[in-house]
Amino acid sequence: MKLVFAGTPEVAVPALDALIASGRHEVAAVVTRPDAPAGRGRRLVASPVAERAEEAGIEVLKPARPRDEEFLARLRDIAPDCCPVVAYGALLPKVALDVPARGWVNLHFSLLPAWRGAAPVQHAVMAGDEVTGASTFLIEEGLDSGPVYGVLTEEVRPTDTSGDLLTRLAFAGAGLLAATMDGIEDGTLHAVPQPPEGVTLAPKITVEDAQVQWSAPALRVDRVVRGCTPAPGAWTLFRGERLKLIQATPVLDRTDLAPGELSAAKNNVYVGTGSHAIELLWVQPQGKKPMKGADWARGVRIVHGELLGL
């Protein structure tokens, strides 16, 4: 088939690579979000997908909005059979959805209908799911509600951050998307409607969502830290400034600390929760680089009974 691939961040690059490498289909063009400011200089930088497409000599389309007439006209000129999508980052209007004969097929990082929305992997980690996965489905106008072509499953490991899990899903899902394109082309795959039961939503995680509530049980705090790593980053307050929590681990045999209460030893720093304590392994104070929790505690000279979160 002739394909137009739509995607933007680094997590979409493995799928683009898999389609290019398959040799079975022609990736005629790539659709991605416009260049965005990045770094200290805030200079405009092309998306990872755009950079990879340019390396491969593939035409890159960067519409400000996918309903822009100039973009739609070019899409019609290319006349793709199908448009595979991975984390494109913009809603596709019906006028665009109607262009490819076999539709737009999205690789979504959950087992649909669970975790429909922008942040399925983060929500899976934060909810304590033991298994998640990826699905390919035909895009409709509803939110991730279209019929499903294929799925794969992936274990959520006890120490997984959302970044760890998303990286594994990106590579496994790349193969699923390529196989889905093959199945659509040869007629062996047919999309199956999603069941009405089991729908959960995964909206974007905000900075406010990432603030740790120390009255919650330690396992919940651990999931928030892992689910919000690397973005937007779990955080709390210490002496009126934000302290980013990069890595922590529950300490099941320590229950002597009140929620938010700090306790520093020579090589460890602990904080109380609504159940047992957690150890702060890596933190990042405001305006500074990441550091080991024990090094941070020595530097700030924690006072007995001092609390996080106030």
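In the predicted model, D256 is classed as exposed, because its relative accessibility of 52% lies above the cut-off of 50%. The side chain of D256 meets that of R254 in a salt bridge, with an N to O distance of 2.7 Å.

Because E185 lies in helix α6 (residues 162-186) whereas R24 is found in the loop between α1 and β2, the pair ties together parts that are 161 residues apart in sequence. Both partners are partly exposed, the relative accessible area being 34% for E185 and 40% for R24. The two residues are, moreover, members of a network of salt bridges that links R24, D182, E185 and D186. In another salt bridge, the side chains of D160 and R168 meet at 2.8 Å, N to O, and here D160 and R168 are both buried.

Burial was also examined in helix α2, which spans residues 48-55 and whose buried residues are V49, A50 and A53. These residues lie on the same side of α2, because the arc that they cover around the axis is only 100 degrees. The elements against which the buried residues of α2 pack are the strands β1 (2-7), β2 (26-31) and β5 (59-61), together with helix α1 (13-22). Just after α2, a positive phi of about 75 degrees is adopted by G57.

Key: Residues are numbered from 1 along each chain as its sequence is written. This is a predicted model: local features need pLDDT of at least 70, side-chain atom pairs count only at pLDDT 80 or more; totals for chains, interfaces and linings use all residues. Side-chain values use heavy atoms; hydrogens and water are left out. Buried means under 20% relative accessible area, exposed over 50%, partly exposed in between (1.4 Å probe, protein chains only). Helices (H or I, at least four residues) and strands (E, at least two) are DSSP runs, numbered from the N terminus. The arc is that of the directions from the helix axis to the C-beta atoms. Contact means heavy atoms within 4.5 Å. A salt bridge is a side-chain nitrogen of Lys or Arg within 4 Å of a carboxyl oxygen of Asp or Glu.
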